[in-house]
Amino acid sequence: MALRWDPLDIIPFTAALHVPSPLHQKSRRRPDTTDSSTMSFVPTFLQQCSVVAGGFTQSSLFSSTKLSVKFNVSCCSIASPETYVNGNVDTKSTERSEIRLGLPSKGRMATDTLNLLNDCQLSVRHPNPRQYVADIPQLANLEVWFQRPKDIVRKLVSGDLDIGIVGLDTVSEYGQGNEDLILVHDALAYGECRLSLAVPNSGIFENINSVEELALMPQWTAEKPLRVATGFTYLSPKFLKENGVHHVAFSTADGALEAAPAMGIADAIVDLVSSGTTLKENNMKEIEGGVLLKSQAVMVASKKSLVERNGVLDITHEMLERFEAHMRAVDQYTVVANMRGYNAHEVAERISTQPLLSGLQGPTISPVFHINGGGITPNYFAIVICVPKKLLYKSVQQLRAIGGSGVLVSPLTYIFDEETPRWRELLVKLGL
């Protein structure tokens, strides 16, 4: 059988054998680069066929000393629901079904976030630290995506993530007041810091101790504005304008901002401050009224995802309840003791005389059936109370002073309310 061919006709066939799919092309050579294994395949393939091409037979084609063929490789089609744009998956063209949680990928915030999830029995399963995707086995259909904090906020806005845990400063800076962002939990009790305006201690700022005084300084003009170095280019201009500082020039910088005034490249800085020690060591000071916001870790979500994407609200509810119950229990201990008494009411009256033994709503008192001389008598009562960690020893002393014995102490993991207050607040925000 004679087969008519064009040199390019065999390319899709060879490409199907040697060229990877678009998902892997980034790690390989350019797709139009000739592959030696493909070149070696061509003569073998042609030798197995009787080839006629525009009057050239197989033998005449390969009788020349040099063969020059230009390969324009086009990838074979693959069975996949995704659409590819410039070699990348176009996620906008398909509706994803999985729920996505964004977590910080590096730093203290990342470590503390994973610790919180672990404490709430929501451990992240991340077998390969080089991968950006993980999961939480207790939460079905949830993907955990490790991202830079600012990218978490941006992807919540774009719809690529549904829920995220980041600092409030990051939400405020990169969310820029977007109405689709909803704070589900505004105080996760770690990552505490403040975004502050700081100036040098000496020179023209020696007697400047407030933002009001800074705004009244005659040095700042349109020709010579106050130079501020910051990584918060949305919040900083907004804050200074609202506080009457109108002639300002901003320079974008990340890290080691305290050095900028000493180097002469800025007059002031706006940066995150925890203890303030670094500012003091670099001869700088915060000024009155100069705190842009107080920040800590928060749980934030896309309003659109909460309302429209199946399962997002349920997962948010479970995470919120676990967080609230755990945080309430963190510094609390359960104290159990036996106490001799005539009846529960009489024991309760004795306990009420001690201010540290009231518990959450009051002590739990139940009879202990004491075995004595072969008989069973309910002349002991078990007392169960919840005590703050910092008051634990004093509480035990008061309990023993009124006849308590056999005192048992254990830490608490959760304290669940009848309904989590923040859940009700979230439903109101969503209009549900």
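Helix α8 (residues 235-242) lies across β11, β12 (226-230), β13, β14 and β15, running at about 115 degrees to β15. The model is predicted, so local features need pLDDT of at least 70 and side-chain atom pairs count only at pLDDT 80 or more, while totals for chains, interfaces and linings use all residues. Residues are numbered from 1 along each chain as its sequence is written, and side-chain values use heavy atoms, with hydrogens and water left out. Helices (H or I, at least four residues) and strands (E, at least two) are DSSP runs, numbered from the N terminus.

**The five-stranded sheet**

- The strands β13-β12-β14-β11-β15, in that order, form an open sheet with mixed pairing; two strands pair if DSSP finds at least two bridges between them.
- Strands β13 (248-252) and β15 (284-295) are the edges of the sheet, and each has a single partner strand, so one side of each is left without a neighbour in the sheet.
- From one strand to the next, the twist averages 25 degrees; axes are lines fitted to C-alpha atoms, for helices over the stretch in contact, and angles run from 0 to 180 degrees between N-to-C directions.
- Strands β11 (residues 193-200) and β14 (residues 268-273) run antiparallel and are joined by five bridges. R194 has V273 in β14 as its bridge partner.
- Helix α6 (residues 168-175) also packs on the sheet, where it touches β14 and β15, and its direction makes about 80 degrees with that of β15. Contact here means heavy atoms within 4.5 Å.

**Nonpolar cores**

- In soluble globular proteins, nonpolar side chains tend to be buried together.
- A nonpolar core is a set of buried Ala, Val, Leu, Ile, Met, Phe, Trp, Tyr and Cys residues joined through side-chain atoms within 4.5 Å. Buried means under 20% relative accessible area, exposed over 50%, and partly exposed in between (1.4 Å probe, protein chains only).
- The largest nonpolar core has 35 residues, of which M319 and F323 touch the most other members.
- Two or more residues of this core come from each of β6 (99-104), α4 (107-119), β8 (142-147), β9 (163-167), β10 (181-185), β16 (297-302), α12 (312-329) and α15 (421-430). Helix α12 gives the most, with six residues.
- Not counting residues up to four places away in sequence, M319 touches L101, L117, L122, L139 and M299.
- A second, separate core contains 21 residues, among them V211, L214, W220 and L235.

**T316 in helix α12**

- T316 lies in helix α12 and is buried, with a relative accessible area of 0%.
- Residues up to four places away in sequence aside, the contacts of T316 are I163, V184, M299, L306 and L426.

**Salt bridges**

- The count comes to 17 salt bridges, where a salt bridge is a side-chain nitrogen of Lys or Arg within 4 Å of a carboxyl oxygen of Asp or Glu.
- D112 and R108 form a salt bridge, with the closest N and O atoms 3.1 Å apart. Both residues lie in helix α4, four residues apart, about one turn of the helix.
- D112 counts as buried at 17% relative accessibility, whereas R108 counts as exposed at 66%.
- R309 and D162 meet through their side chains in a salt bridge (3.2 Å, N to O). R309 is in the loop between α11 (303-308) and α12, and D162 is in the loop between α5 (149-158) and β9, so the pair ties together parts that are 147 residues apart in sequence.
- Both R309 and D162 are buried, and R96, D162 and R309 are linked in a network of salt bridges.
- R422 and D186 also meet in a side-chain salt bridge (3.0 Å, N to O). This pair links distant parts of the chain, with R422 in helix α15 and D186 in the loop between β10 and β11, 236 residues apart.
- R422 counts as partly exposed at 22% relative accessibility, and D186 is partly exposed with a relative accessible area of 41%.

**K285 in strand β15**

- K285 is placed in strand β15 and counts as buried at 12% relative accessibility.
- The C-alpha atoms of K285 and N201 are separated by 6.0 Å, although these residues are 84 residues apart along the chain.
- Leaving aside neighbours within four places in sequence, K285 is in contact with L197, A198, V199, P200, N201, F205, E206, I208 and N209.
- A polar atom of the K285 side chain lies 3.2 Å from the backbone oxygen of E206.

Conventions
Polar contact = N/O pair within 3.5 Å; in protein donor to acceptor, adjacent residues only side chain to side chain.
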